[in-house]
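Visitor: Could we walk through this one together? I'd like to start with charged pairs and then move to the strands.

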Amino acid sequence: MGNKGMYAGVATMLVAAMLTGCSSSGNNASPSAGESAGNGSGASASSSAAANASASASTDASQPAWKTDTSPFTFTQYFYGNWASNYLWKDQYAMKLVTEKTGVTIDRRLATGADDDYLNTMIAAGDLPDSIMLDWNNPAVTKLIQNGMVYSIDELIDQYAPEFKSQLDPEMVKYHSVDGKLWYLPNIYETEDRLTSGVPIVPIRPWFIRSDIYQAIGSPKIETTDDLMNALVAAKEKFPDVNPVGLEFFNVAQNGFRASNSMDYLIYSFSPHLLEEQVKDDQQVLEYPMRNKGFIDAFRYLNQLYRNGLFDSQLLIYKQEQYEEKLYGAQYAVASQYMSNMYTMFNPKIQSTVGQDQTYTVLDGLKANGQDPRYPASRLMGWQGFFITKNAKNPERIIKFAEYAWSDEGQLDMRYGTEGETYDMVDGLPQLKSDILDMKLNDNATFNSKYGFEDSTLLWRAGKLWDDASARDLKMSQPEQYAASVLLAKYDYDSYSLGMENLEPDGSSAEGTINTKVKDLWNKTIPKLVMAKTDDEFDSAYASFVKQMDQTGAEKVEKTMYQRHLEDLKKKGLQ
């Protein structure tokens with residue numbers, strides 16, 4: 001998943017991703033990183049870091065472990081997500097600040113080609129980097145642990161950074177431990193109070209409508225799926241050269257059984273109680289979502305869009321970059337995107353290149369069959385895990401670096417930089433300098449390439465100080481985005497107690513093999529459903545899929561997922 005908007009919004013998409021059977025990798029990266037020179041910021045950061053380096057020479061046992069050694073040190077890190085070029089360390093302010101304070105530089109690397117192929121090849125060859133950022137529920141995690149290829153975080157903390165343990169939320173440690181050990185640090189870990197504090201959570205990719213097109217068709221109410229269909233028909237009539245609907249790329253292996261991250265908007269309209277309905281206690285199975293009528297009705301609706309000439313089937317095979325290129329050009333009447341990305345990346349670029357009138361406005365949640373949508377939002381269990389491999393040349397320095405990154409100081413450095421230089425404390429909360437905040441809002445690409453805030457350590461965690469600051473800043477500087485978030489957040493419900501995290505069987509197990517086959521089968525079936533010429537053709541393709549899925553052994557996986565559901569409840573102390 002990928003950038004500044006992820007922390008407040010996309011992060012919670014992980015819940016929906018896991019619940020529909022996927023490893024939760026994302027696809028929208030921040031603009032590429034680059035030179036952070038200008039206005040003396042680098043020199044000033046060096047000065048403040050010099051003082052820290054001097055202080056770190058002290059041998060005071062009460063100081064954090066990371067301060068005991070700030071000599072130059074570089075470690076390698078593989079990031080699972082070949083889209084994340086923005087996370088590469090170059091010369092951004094935030095990255096330089098980390099290096100100047102801690103001595104650490106991260107040589108962050110991305111896959112060449114498919115992430116899973118790249119990762120599995122590294123594991124098979126035993127050729128791992130010093131550290132890995134990998135979705136904690138990815139099937140490869142089991143291989144790494146069982147094959148003894150990664151350290152447990154516990155042993156490294158106990159040996160090298162004992163004070164670090166007090167920073168870790170006991171609930172997080174309990175939940176993420178495997179066989180009694182914590183093998184990774186989950187990033188974007190959010191606590192229970194985050195559901196009601198900070199930036200309003202929007203756990204889906206919203207759909208937006210182009211402002212001028214909306215006005216041209218009479219600004220109709222769009223409250224139901226029928227309303228949306230009628231609006232799109234009208235849009236096509238008035239703007240025949242504009243693609244009516246734009247959805248992000250389709251790939252079950254990467255995005256789960258929803259296939260496209262954009263589909264959650266429809267799925268949770270047609271099946272607002274999907275997660276509860278998947279659990280069949282009387283049969284002791286947790287069903288695949290593809291057995292759920294509402295889930296399939298979401299794809300049936302997409303088929304209706306296609307048959308009405310409102311959905312271009314090329315989107316089924318588009319790369320993310322192709323989709324985003326057209327979105328930057330405002331070439332869709334209705335389009336889907338992260339809330340934050342739309343308002344800080346796409347709308348500003350559209351405004352500066354094609355005009356304010358063609359920027360996008362968020363749609364409200366859609367009612368389907370008389371039901372309000374419901375969006376599952378849970379205290380987040382984390383997106384990727386930060387793993388330290390047995391190939392690490394100096395695991396001591398890496399765990400000490402993690403202590404810094406997890407600390408309040410590290411969190412503020414990552415998000416805001418240096419007090420007095422890049423931010424000030426205003427009413428007890430951090431706030432970026434006005435020129436930097438203006439750049440963030442109006443020239444996000446330059447902001448990211450120059451400052452790299454939130455891209456450096458990638459160990460985000462909740463904290464009242466910065467969560468409250470984010471909410472204040474959004475409400476003050478981006479009232480439209482804040483209002484849009486409030487509009488959709490009213491459909492959220494806390495799915496934590498449902499026990500639906502980490503359901504998929506281990507990839508190396510017999511059930512894991514079946515699950516992979518089911519995913520592949522569903523991936524191949526989706527185009528047949530979307531491009532079906534008639535209802536009968538749709539029904540036939542779906543019936544054929546269910547038959548093949550059952551023949552593959554899907555029920556064995558569903559029984560395993562039920563047991564993992566019970567284990568999740570137990571981990572949370574709910575059973």
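Visitor: How many residues apart are D468 and K464 in helix α20?

Guide: They are four residues apart in helix α20, which means that about one helical turn separates D468 from K464; helices here are DSSP runs of H or I with at least four residues, strands are E runs of at least two, and both are numbered from the N terminus. Please keep in mind that this is a predicted model, in which local features need pLDDT of at least 70 and side-chain atom pairs count only at pLDDT 80 or more, while totals for chains, interfaces and linings use all residues. Residues are numbered from 1 along each chain as its sequence is written, and side-chain values use heavy atoms, with hydrogens and water left out.

Visitor: What do D468 and K464 form?

Guide: D468 and K464 form a salt bridge, with the closest N and O atoms 2.9 Å apart; the term stands for a side-chain nitrogen of Lys or Arg within 4 Å of a carboxyl oxygen of Asp or Glu. K464 is exposed, at 65% relative accessible area, whereas D468 is partly exposed at 23%; buried means under 20%, exposed over 50%, and partly exposed in between, computed with a 1.4 Å probe on protein chains only.

Visitor: And how many salt bridges are there in the whole structure?

Guide: The search of the whole structure gives 28. One of them joins R461 and D408, at 2.6 Å from N to O, and this pair links distant parts of the chain, since R461 sits in the loop between α19 (444-451) and α20 (464-477) while D408 belongs to helix α17 (residues 408-416), 53 residues apart.

Visitor: Which residues are linked in a network of salt bridges?

Guide: That network links K293, D297, R300 and D539.

Visitor: Switching to strands, what is the order in the open sheet of five?

Guide: The order is β2-β1-β3-β12-β4, with mixed pairing, where two strands pair if DSSP finds at least two bridges between them. β2 (104-109) and β4 (185-186) stand at the edges with a single partner strand each, so one side of each has no neighbour in the sheet.

Visitor: How many bridges join β1 to β2?

Guide: Six bridges join β1 (residues 73-79) to β2, and the two strands run parallel; F73 stands opposite V104 in β2.
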